[in-house]
Amino acid sequence: MAKRTTPKPVRVVFLGGLGEIGRNCACIEVEGRIVILDCGIMFPEPDMPGIDLVLPEFTYLRERKDRVDGIVLTHGHEDHTGGLAYLLRDLEAPIYGSELTVGLARHRIDEAGVSDRTRFVAVADGERVRIGNVEVEFIPVTHSVPEAMAIAFHTPQGVILHSGDFKLDLQPVDGRRTDLSRMGELARTEGVRLLLSDSTNAEEPGFTESESTVGVTLRRVFAAQAGKRIVVACFASHMHRVQQVIDAAVASGRKVATLGRSMGKNVDLGSRLGIISIPDGVQVDIEKVDDLPPGQVCVISTGSQGEPMSALSLMATGENRWLRIGEDDVVVISAHPIPGNEWSVGRVIDDLHRRGAEVVHSGAEAVHVSGHARQGELRTLLSVTRPECFVPVHGEFRHMVHHARLALSMGLDPAKVLLCEDGDVISLDAKGITRDGEVPAGYVYVDGTVGDIEHGVLRDRKKLAEEGVVMAVVTVDRQEGILSCPPVIETRGWVHAAEAEALLGEASDVVGAAVTKALKDGAHDIEGLNRHTRKALGKFVGDRTRRRPMIVPVVLMV
Ligand SMILES: [Zn+2]
Ligand SMILES: [Zn+2]
């Protein structure tokens, strides 16, 4: 008699994106084999001085690299693909996603020189591929980058559906709608055992407007600004937005030029893949725009987030090589600042005003709509997929709390709705979902191209930024056991120069006395003398100024 074996639980490991917007990364584990779902970066927060980007922690994957069968991408945004170049240093695996998604992901991977450690597999809408021991199905969704997908994992424990980043746009620019009917079919036939869904806008009631409404606004704004030059800043990956800017430009008799490296690259990629279409003779080189009357020019630019070195920021400060902004210009910022970028965007808008330009942003005109589902759409997805279990993903903690509440209000079993955070592991078996431990999932900071930096480095940077540094150079005559000269005190960012001189002199006396006493008491090793120097100087600085700068003792034996 054949023995029926009950399938093992399927595990989901959340490595990032649950508790922050960014560094989305999860693992689906079936019988010990791993499929990675997205691998993104997070942009640094204001309290991370000098940090370029933040990665998920890959320790868990590094230790299991022989078990990884593939990497599946929902879409091409950096918070889902930007970490791949780093992950591929640790393991080799093929990458699956729509043609545009793998096209966008490729950029960084090629630049990092690790493309030989992967294989890019482009999948079509609705396609099912076998990756290791699991069937993976790609279901179209609408979002703020074309060709985004929800992913259905057909596992021995049933279907796990991940929404990806999505909205329910019924009038998308390319006519490709979120395939709710396929999701409904999955619910009816196999049933959705576990739904993981985008929480970004879970606090917002109602429905997100269609992307095509932005096109209507852009045409109106363009028409109202006849005779002026128009610069539109948006995300380079938002190719439908770029298309609508091109359409509005063409409708108002303007030529189009791109500005910013990624904008040029993505317009080329989009045109090659048939996502962006520019009528013949419309595109001109940015070098040529000064030869045209302002009313016949539209420039599409990067920098909508106020990034310091971006095309738009340089325009605002008058440092852009190609474009001088003045009174004949209208700048349209067709994006919302990502949390944390509000201040930089505000400063760019201010600087543009200072140059006499008019600025149109989403606070005044509907020149932007979100790419994420609001409560009405989240409810619709829950209602169509009728999941047995639910875990909100992709959001700050409060977004996930609201999303979980929403699911409960839709009648889901409270025992089958789990709030998870980065590092949490859940297990899906015949009974439902349970927590199954934790794995390391801290922030990994990247500064420059070289490598990851530690928490300690960041703590030092914050201290230096907030309090400055005081350094004491103490030179000891090794033979005599005395100071060879008075200690030299150097400081940056501690006290103003005028007050400094007297204080530095006193500090030198205090440190000199402390070291002399220590030498008399028999301390002759550098380490001990360092300790005495630090203590005396730290106390003096604290007593006299009530501040706590970084104290750096440097003891030299001569
Ligand atoms: Zn996205
Ligand atoms: Zn995202």
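Select Arg176 to begin: with a relative accessible area of 13%, this residue is buried (buried means under 20% relative accessible area, exposed over 50%, and partly exposed in between, using a 1.4 Å probe and protein chains only). You are looking at a predicted model, where local features need pLDDT of at least 70, side-chain atom pairs count only at pLDDT 80 or more, and totals for chains, interfaces and linings use all residues. Residues are numbered from 1 along each chain as its sequence is written, chains are lettered from A and ligands numbered from 1 in the order in which they are written, and side-chain values use heavy atoms, with hydrogens and water left out.

**Next stop: the partner of Arg176**

Arg176 sits in the loop between S11 and H5, and Asp125 in the loop between strand S7 (120–122) and strand S8 (128–131), so the pair ties together parts that are 51 residues apart in sequence. Helices (H or I, at least four residues) and strands (E, at least two) are DSSP runs, numbered from the N terminus. Asp125 is partly exposed, at 42%.

How many salt bridges does a search of the whole structure find? The search finds 33. For another one, select Glu388 and Arg193, whose side chains meet at 2.8 Å, N to O. Glu388 lies in the loop between helix H11 (375–385) and strand S18 (389–393), while Arg193 belongs to strand S12 (residues 192–198), 195 residues apart. Glu388 is partly exposed at 25%, and Arg193 is buried at 13%. Then pick Arg11, Glu29 and Asp436 together: salt bridges that share partners join them into one network.

**Last stop: the zinc ions**

Select ligand 1, a zinc ion. Which residues are its protein donors? They are His75 (NE2), His77 (ND1), His143 (NE2) and Asp165 (OD), 2.1 to 2.4 Å from the ion. Donors are N, O and S atoms within 2.8 Å of the metal (3.2 Å for Na, K and Ca); water is not among the atoms, so sites may look incomplete.

Show ligand 2 as well: Asp165 bridges this zinc ion and the zinc ion that is ligand 1, and the two lie 3.4 Å apart.

Definitions and conventions:
A salt bridge is a side-chain nitrogen of Lys or Arg within 4 Å of a carboxyl oxygen of Asp or Glu.
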